Structures are given as structure tokens and as C-alpha cells.
Amino acid sequence: MNIETKFYGKIEIEDNRVINFKNGIPGFEDLNSFALLDIENSNNVKCLQSLERKEVCLLIISPWDFFKDYEVYLSDDEIKELDIKNESDVLIFNVITVREKVITANLVAPIIINTINKNAKQIILSDIKYSIRQEIPCL
Amino acid sequence: MLIVSRKQGESIVIGENIEIRILEISESSIRIGIEAPKSIRVLRKELIKEVEDENKESINNLEFIINKLK
């Protein structure tokens, strides 16, 4: 399918790159479909492009590339909601933010993707040891 | 909204599995203990707003990273 992106213009993607957020994500509750895109020359950063609003594009990282001890526990409700059968079917990413050239990752609210059915949800952890703005030294 | 008065050490039970106990009352805040099944996430409400704000902020200034990766 063809999609419009914020940074790469119109591109063609395989249909299986589309991720469904049934309830949107916090702050963008009305956006349900995103495409998970690789960024050329980057192994660490990916792009979550909204298919409904071109200007909404989130950059995401795999947390364990930067924070080796990071842990995410899913609640029974979340496992049920995303219909997760195996731990190995799950991808986890964290959204990064830039302020004054400082890059931070939101470790409080990981994005959980079931790679089998493409259902996804940004969950909020109750664990107080993680920061919404954890600085990333370098990408 | 149901409104009930509670003293220190007293509890409220919601359904069969959730108990909320008033642990300590001081002048400006109270400490609450919450027992709930693992299937239920218990969050400070302001944290949800903080995540919403962070997501909205995260779509700005990304050219900095995109250019850096080129």
C-alpha cells in the first residue's frame, strides 16, 4: 500500500507493516493505524508513522539497545487485550523526544506490539524507577 | 461519585479483590495502600497526563535526529 509520511514523502509499504492501536495512544487517542518504518542508516531508531495524520510521526528505539536492565511486565488485562500468546511474539519500543538537542526516551510508557496480529498499545508502567525523560547519551 | 469518610487504618473494598487502606494522614497529604490483582494497573492520574504531553511533544524537533542519522 502507498502511504504519506512526514519525512520521506509518499512511499510504498508492505501491508504487514501496519500496526493497530485500538484506542490510539495517549495524546493521540483518535489515531489507530501506524506504519512501523525502518530508517535508512540507523539500526537503533525506527519510525512510527500515523496513517491518519501525516504530521504525526514518532521516533522509537528498542530500549535494550540503550538500557540493558530495563524491564517491562504486562498485566493480564494487557496480555488479553493484545491477544499475546508467546513472549517471543512481542516487540517493545520507547518513544524518544528532542528538547534543545537533548534526546530522551520515555521509559514509563513502552509501546507493546504483538507481531502476530499487529495489535499494539502504549502502556503506562506503575514502576516508579523509570523516567518519562531518560536521557540517551548517543544514538 | 460515592463519598465516604475514613479514619487512619480503615479501608474501602472495591469488588472482591481490591482493597484501599488509609495508612497515614498528615496535614497536606494522605498515604494510601492499594491491594489489587496483577491484572489491574494502578496509576497516579497525573502520570497519564504526563505521558499524553510527552507524546505530543515527541512529534516536534525530530528533524534534528533525522538529519543526524543521514
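Is Glu78(A) buried or exposed? Glu78(A) counts as buried, because its relative accessibility is 7%, below the 20% cut-off. The model examined here is predicted. Glu78(A) leads directly to the contact between the two chains, where Glu78(A) is paired with Arg41(B) in a salt bridge.

In that salt bridge, the closest N and O atoms lie 2.6 Å apart. The pair crosses between chains. Glu78(A) sits in helix α1 of chain A, and Arg41(B) sits in the loop between β3 (30–35) and α1 of chain B. Arg41(B) has a relative accessibility of 24% and therefore counts as partly exposed. A salt bridge also joins the side chains of Arg99(A) and Glu54(B), at 2.7 Å from N to O. Across the interface of chain A and chain B, three salt bridges are found. Ten residue pairs are in polar contact between the chains, with both residues at pLDDT 80 or more.

On the side of chain A that touches chain B, β6, α1 (76–81), β7 and β8 of chain A each give two or more residues. The largest share, five residues, comes from β7(A). By type, the residues of this side divide into 24 nonpolar, nine polar and ten charged.

The interface can also be described by its extent. Chain A brings 43 residues to the contact, and chain B brings 27 residues. The area buried between chain A and chain B is about 2,900 Å². Carbon and sulfur atoms give 64% of that area. In chain A, the residues that lose the most area to chain B are Val98(A), Ile124(A) and Ile132(A). Together they account for 20% of what that side buries.

Nonpolar packing was examined next. In soluble globular proteins, nonpolar side chains tend to be buried together. In this model, the largest nonpolar core has 38 residues. Leu59(A), Ile96(A) and Ile112(A) have the most contacts inside this core. A second, separate core has 17 residues, including Ile19(A), Leu48(A), Val56(A) and Ile111(A).

Ile112(A) illustrates the packing in the largest core. Neighbours within four places in sequence are left aside here. Among the residues in contact with Ile112(A) are Val72(A), Leu74(A), Leu82(A) and Ile84(A). Val90(A), Leu91(A) and Ile92(A) also touch Ile112(A). Further contacts include Asn119(A), Ala120(A), Lys121(A) and Ile123(A).

Over all chains, the count of salt bridges comes to 15. Some of them lie within chain B. Glu10(B) is bridged to Arg6(B), with the closest N and O atoms 3.4 Å apart. Glu10(B) is partly exposed, because its relative accessible area is 28%. Arg6(B) is also partly exposed, at 36%. The side chains of Glu46(B) and Arg44(B) form a salt bridge at 3.2 Å from N to O. Glu46(B) has a relative accessible area of 43%, so it is partly exposed. Arg44(B), at 45%, is partly exposed too. In chain A, salt bridges with shared partners join Arg17(A), Asp38(A) and Lys46(A) into one network.

Notes
Residues numbered from 1 in each chain as written. Chains lettered and ligands numbered in written order. Predicted model: local features only at pLDDT ≥ 70, side-chain atom pairs only at ≥ 80, totals over all residues. Heavy atoms only, no water. Core = buried A, V, L, I, M, F, W, Y, C linked by side-chain atoms within 4.5 Å. Buried < 20%, exposed > 50% of the residue type's maximum accessible area, 1.4 Å probe, protein only. Contact = heavy atoms within 4.5 Å. Buried area = accessible area lost by both parts, 1.4 Å probe. Salt bridge = Lys/Arg side-chain N within 4 Å of Asp/Glu carboxyl O. Polar contact = N/O pair within 3.5 Å; in protein donor to acceptor, adjacent residues only side chain to side chain. Helix = DSSP H or I, 4+ residues; strand = E, 2+ residues; numbered from the N terminus. Nonpolar A, V, L, I, M, F, W, Y, C, P; charged D, E, K, R; others polar.
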